[in-house]
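User: Can you walk me through this one? Keep it quick.
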Amino acid sequence: MKKSMNQSTLNLILNGISILTLLFMGVALFANSHIRGLLNTANQERFDLTYNANRFMNGSAYLTNEVRAFAATGEQEHYDNYWLEVNELKNRDIGVAALQEIGITDEEQQMIDDMFALSNQLVPLEEEAMNKVTAGDKESAVAYVYGQDYSSAIEKINALKEQFLDALDTRTKARLDDLNYQSAFIRQCMSAALILIAVLQMFSMLVTNRRVLRPIVVVRDQMKEIADGNLSAEFTLEPSTSEIGMLAASIHETKRELKKYIQDIDHKLAQMAEGSMDLTIGDDYRGEFLPIQTAMRQIVDSLNHALSQIRTTAEHVSKESEHMAAGAESLSNGTVRQASAVQQLSASIQEISGQVGRTSADADHAKQSSADAAHQLLTCSQKMESLSSAMNDISKASNQIGGIIKTIEDISFQTNILALNAAVEAARAGEAGKGFAIVADEVQDLANKSSVSAQDIAELIENSMKLVQYGSSLTAETTEAITAVVASAQQSTELVDRIAESAQYQAQSLRQLTQGMEQISEVVQSNASTAQESAQSAKELNRQAEEMKVSVHRFRLRR
């Protein structure tokens, strides 16, 4: 991070310089006001000094003029004016006192003293000249006041006057010039301060615009891009030790952290989408992103647990469905064989029925064909024994079919439970378990169909068993009758009428037996069809279970 002066420090320096400049301007304004006051006072003092100096000088000149006027004219007015000035008006004394009060130098005081001395020396002489005028000697008085000595003294006094005025004017002018110079210098300093403040303000505006406003606009645009989700937008501000630089560093760090989080989440989700569940969620998230990392860890753990259970369940379903398919196939084969045996038995019963019919028709010829009848009765006894054995086999096969149906119902019940468990686990897995939910629904449908088919088969087999029991009873009775006929074959001649009646009864019973066997045949055919459908359903269930197992094995789970 490059070194850069803090904006606050730079603003503090610029504002400090501006404040100091403003304070300097305040002091300068106060000094200028003070100088202006001194300048006004100096001008007033110069005026007052000049006025009082002229008052002093005019007083002396007024006395000289009044003396000369009195000497020349002898008028009393000039005499009175002279003494009025000396005794009452005293403009010279008042002017000197005013000059001393305002302030004069020692040199100037010395010149005033010299003028006073010369003027005081002339007062007795002027008084003597006025006395001569009063005595009537105007010529002597005029000669004196216009004489060389008096004029020389007046010239000395006037020379001192001019020298005093020049010195006074030079001194006050120098004081005014100095004050004017100070005032001009202060005004120049104030102008320079104003220019400096303007330059500082312009510089501050430029610096603020360049180092604050422009970066803030860039930061605003960058934050808008971040708010819109665009983390790849170019950000030209470089980090530095200034406030804006530190803000830029924070934004760069924020973008890096957000990109890191997004890339990590994208990578983890892509692996999960590819079936890799053996992920490890680190601990490098910070602040408000920690719950996201915790949630991802919980999701991966939950999916691993759910998919592991689904995998185990799928394997169990596959095995059970395979067993059920094998059982259904065996049931189908047994039912087909049973149908074949029933058809053969029905054919045999029909043949016996024909034989019994012929026996009844030929009852009148019993005497001639008793031997044949005995032989046929023996054959009939053998057939009846075969029939009894077949009926026993049918009864046993029906019992076995009942056990197989029970097995199918158990398999259907277990498959239904497995389908329900798979549906629950798929619901827990959320979006990732939708495929398993469909498979679970198909398995449950197949289980329900198998259960319904098993129930139908059970009902049909139960009816078949009842008919078989009835046929067995009839067969037993027939066997006993035939046995009795065989036993009494030697008495056939005597018992022809009874044989005819017995033959008719046998024919009727055989017709009933034939009808029962036909019903049994239909039931067995139906059972065979249902068993084949169950076998097909079991094969489909096995195929679906294998597909579910393959789908589950696509996910790589943790060991």
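Analyst: Start with a term: buried means under 20% relative accessible area, exposed over 50%, partly exposed in between (1.4 Å probe, protein chains only). This is a predicted model, where local features need pLDDT of at least 70, side-chain atom pairs count only at pLDDT 80 or more, and totals for chains, interfaces and linings use all residues. Residues are numbered from 1 along each chain as its sequence is written, and side-chain values use heavy atoms, without hydrogens and water.

User: What share of the 559 residues counts as buried?
Analyst: In the protein chain, 37% of the 559 residues do.

User: How many helices and strands?
Analyst: The protein chain has 11 helices and zero strands. Both are DSSP runs, numbered from the N terminus: helices are H or I, at least four residues, and strands E, at least two.

User: At what angle do α4 and α6 cross?
Analyst: Roughly 160°, with the axes of α4 (residues 106-135) and α6 (residues 148-227) coming within 10 Å. Axes are lines fitted to C-alpha atoms, for helices over the stretch in contact, and angles run from 0 to 180 degrees between N-to-C directions. The two helices are therefore roughly antiparallel (over 145 degrees).

User: Which residues of α4 meet α6?
Analyst: Among them are Met111, Met115, Leu118 and Leu122. In α6, the partners include Ile157, Leu160 and Phe164. The contact residues split into 13 nonpolar, two polar and six charged. Nonpolar covers Ala, Val, Leu, Ile, Met, Phe, Trp, Tyr, Cys and Pro; charged covers Asp, Glu, Lys and Arg; the others, Gly among them, are polar.

User: New topic. Where is Phe289?
Analyst: Phe289 sits in the loop between α7 (243-273) and α8 (290-361). Phe289 is partly exposed, at 27% relative accessible area.

User: Which residues is Phe289 in contact with, beyond four places in sequence?
Analyst: Leu258 and Tyr261. Contact means heavy atoms within 4.5 Å.

Methods:
Parallel < 35°, antiparallel > 145°, perpendicular 65-115°, else oblique.
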